[in-house]
Amino acid sequence: MRITIKEGESVGKRLLLCMAAALMMHAGTLQAQTANWIEAGSPSGRCCMSMAYDGATQSTVLFSGTGPGPTYYGDTWVWRGGWFRLSPATSPSPRSGGGMAFDGAAGNVVLFGGYSDTGTYLNDTWTWDGTNWTQQFPPVSPPARTAAMVYDAATGTVLLFGGGNAAGVLGDTWAWDGLAKTWTQQHPGASPSARSAPMAYDGATKTVVLFGGNGNGAVEFTDTWNWNGTTWIQQFPASAPSARTAASMTYDPGLAAVVLFGGFAGSWPNSLNDTWAWSGANWREIHPATVPPNRYSLGMDYDPIGKVVLMFGGYSSGPARGDTWLLALAP
């Protein structure tokens with residue numbers, strides 16, 4: 001089933017189409033079902049936004065990002081079968097590349113760092129309660145950076161690994177305790193090399209998955225790692241996506257797999273549009289009938305209400321994209 005929502009159509013029509021799509025799609029195993037991408041509407045084109053599914057409000061939250069110019073955004077949007085812009089009373093400053101995740105223990109979304117519109121790296125921490133942003137002031141914080149973050153349900157903390165700042169890429173691991181409102185540096189016995197890389201929580205194996213990314217000197221990786229709550233453990237799958245950076249990942253419980261899309265390899269125009277699934281032991285490429293255009297530094301999460309992987313924006317060899325796509329199981 002492929003449903004396309006065109007620009008200019010009303011929010012009402014978009015919602016009806018999305019509801020119809022959700023009703024006609026059902027979950028199943030990767031072996032028994034076919035995965036397909038479905039296009040939808042979007043906010044303004046941008047890359048490097050912070051995006052996470054908010055389990056408390058049952059909506060995807062999108063904050064900030066970079067558009068043409070470059071323009072640094074400081075706006076807040078939510079996806080509830082369509083995009084809606086919000087006007088919180090307080091908000092973090094405009095930025096790109098901030099880490100963001102839903103903190104299941106604290107019941108809010110947490111945002112950390114990024115690169116500001118003033119040309120500096122940030123290390124501020126904010127939480128989103130569904131209505132407003134509130135800055136937190138923990139006694140210790142990770143150094144300023146852009147980075148990926150993910151909620152580790154097994155430990156009840158938000159995990160941050162590596163990222164980059166003016167000095168280059170980083171290889172440290174930090175955990176955010178949303179109940180105590182504290183950052184604590186972790187000291188694992190083994191760790192991926194310093195890099196910026198995507199992460200996702202694998203609900204099937206109860207571990208955090210990290211894939212690929214880039215290090216200093218434009219080195220790109222194709223290795224896979226798991227965080228078990230104490231240390232990083234390298235995995236050695238028989239097959240894996242090609243080396244890349246700025247891809248995005250999220251866990252799809254319908255597929256019972258972590259889904260990876262896009263990124264770029266070599267130099268920035270060489271962006272990708274392949275889709276991969278991590279089963280907990282191996283990577284498998286998915287070949288949907290409809291595939292979004294190539295891109296990197298995109299936003300992606302899983303929407304359990306629509307039972308779809310939600311993907312927004314990113315950069316390719318052209319302008320920043322403003323399109324929204326849904327990856328859903330179809331019979």
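**Salt bridges, a sheet and a core**

Me: Are R295 and D323 buried or exposed?

Reply: Both R295 and D323 are buried, where buried means under 20% relative accessible area, exposed over 50% and partly exposed in between, using a 1.4 Å probe and protein chains only. This is a predicted model, in which local features need pLDDT of at least 70 and side-chain atom pairs count only at pLDDT 80 or more, while totals for chains, interfaces and linings use all residues. Residues are numbered from 1 along each chain as its sequence is written, and side-chain values use heavy atoms, with hydrogens and water left out.

Me: What do R295 and D323 form, and how far apart are the closest N and O atoms?

Reply: R295 and D323 form a salt bridge, with the closest N and O atoms 2.7 Å apart; the term stands for a side-chain nitrogen of Lys or Arg within 4 Å of a carboxyl oxygen of Asp or Glu. R295 sits in the loop between strand 22 and strand 23, whereas D323 belongs to strand 25, so the pair ties together parts that are 28 residues apart in sequence. Strands here are DSSP runs of E with at least two residues, numbered from the N terminus.

Me: How many salt bridges does the whole structure have?

Reply: A search of the whole structure finds six. One of them joins the side chains of D223 and R195 at 2.6 Å, N to O, and this pair links D223 in strand 17 (residues 220–227) with R195 in the loop between strand 14 (182–186) and strand 15, 28 residues apart.

Me: Why does R195 count as buried, and what about D223?

Reply: R195 counts as buried because its relative accessible area is 1%, and D223 is buried with 15%.

Me: Which residue is in a salt bridge with D274?

Reply: The partner of D274 is R244, with the closest N and O atoms 2.7 Å apart.

Me: Switching to sheets, what order do the strands have in the open sheet of four?

Reply: The order is 19-20-21-22, with antiparallel pairing, and two strands pair if DSSP finds at least two bridges between them. Strand 19 (248–252) and strand 22 (283–286) stand at the edges with a single partner strand each, so one side of each is left without a neighbour in the sheet. Five bridges join strand 19 to strand 20, and M249 stands opposite L260 in strand 20.

Me: And the largest nonpolar core, how many residues does it have?

Reply: The core has 16 residues, and those with the most contacts inside it are W37, L255, F261, M300, V309, M311 and L327. Such a core is a set of buried Ala, Val, Leu, Ile, Met, Phe, Trp, Tyr and Cys residues joined through side-chain atoms within 4.5 Å. Strand 1 (34–40), strand 20 (257–261), strand 23, strand 24 and strand 25 (321–330) each supply at least two residues of this core.

Me: Where is K206, and what is its phi?

Reply: K206 is in the loop between strand 15 (199–202) and strand 16 (207–214), and its phi is near 60°, a positive value in a residue other than glycine. K206 counts as partly exposed because its relative accessibility is 49%.

Me: Which peptide bond is cis around P70?

Reply: The bond from G69 to P70 is cis, with omega near 0°, and P70 lies in the loop between strand 3 (59–67) and strand 4 (71–79).
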